[in-house]
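Here are a few exercises to work through with the model open. Try each task before you read its solution.

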Amino acid sequence: MKNTAASLEEAAFFVKSKVKKQNYIRVRPHSSASICVQIHKKSTFVSSLLSELELIINIKIKIELVIATKAKMTKYILYVATSIDGYIARSDGSIDWLLPPEQVNKNKDYLKFYNSIDAIVMGSTTYEQILGFGDWAYPGKLSYVLTSRNLSTLRLDIVFMKSMEEIVEDVNKRGYQRVWLMGGGRAASPFIQNGLVDEYFIFIIPIILGTGITLYQSLSELKLDLISQKSCPYGVVELHYKRK
């Protein structure tokens, strides 16, 4: 809090210069975290200045705390594949048009991303689709399943949550820094709508479904900055965006 300490000293000398002629008050910076104020004579004028000083200090400290908190804020990253026309599944929920998991899991960029994240957020439909692949695909990574249904599991690395707020609170308690928003649309949309998503990795699969389940559900207009674009194997295009 070096900046706060400097501001305290500046504020102290400001008060001192204001009342020096009246000899009402003597202000001495005592340490980097406190101000020693010695009052020689009771005065409404002095009390008013002290109140102003306290207000300035409190505002400064709060601003710096907010900045520090934002610097350590968890990053929520949407990392998902869609069709050219923006669908993440067919109308019946099937995803047979996506690349097989064994192909995706061998991709170096995917492995780098996966190793960088602390936890995963998914909807219950996505969760049940993953169960259908066989062994749980993300052992050791805590997976939050956003659902209104009463689901259960014996696995300790899967938890069921009923709201985005519950997930965010638990993520903050655990101190996670990077969280993968896997989808589907109903699970990802509240995070997008509330401005929590920092980065978007959209993988465009070379297929037009014509109809299906969209990734972007009940969302307001949102402008993004394009960071990079990359051609991938099997005709896939990776688009990397950041929130403005």
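**Exercise 1.** Find which strands helix α6 lies across.

*Solution.* Start at residues 164–174, which make up helix α6. The helix lies across β3, β5 (119–123), β6 (142–146), β7 and β8 (178–183), where contact means heavy atoms within 4.5 Å. Now check its direction: α6 runs at about 165° to β6, with axes fitted to C-alpha atoms (for helices over the stretch in contact) and angles from 0 to 180 degrees between N-to-C directions.

A quick word on the ground rules: this is a predicted model, where local features need pLDDT of at least 70, side-chain atom pairs count only at pLDDT 80 or more, and totals for chains, interfaces and linings use all residues. Residues are numbered from 1 along each chain as its sequence is written, and side-chain values use heavy atoms, leaving out hydrogens and water.

**Exercise 2.** Trace the order of the eight strands in the open sheet.

*Solution.* Read across: β7-β6-β5-β8-β3-β9-β12-β11, with mixed pairing. Strands (DSSP E runs of at least two residues) and helices (H or I, at least four) are numbered from the N terminus; two strands pair if DSSP finds at least two bridges between them. Next, the edges: β7 (158–161) and β11 (224–231) each pair on one side only. Neighbouring strands here are turned by 20° against each other on average, direction ignored.

**Exercise 3.** How many bridges join β3 to β9?

*Solution.* Locate β3 at residues 75–83 and β9 at 197–205. The two run parallel, and eight bridges join them. For a landmark, pick tyrosine 79: phenylalanine 201 in β9 stands opposite.
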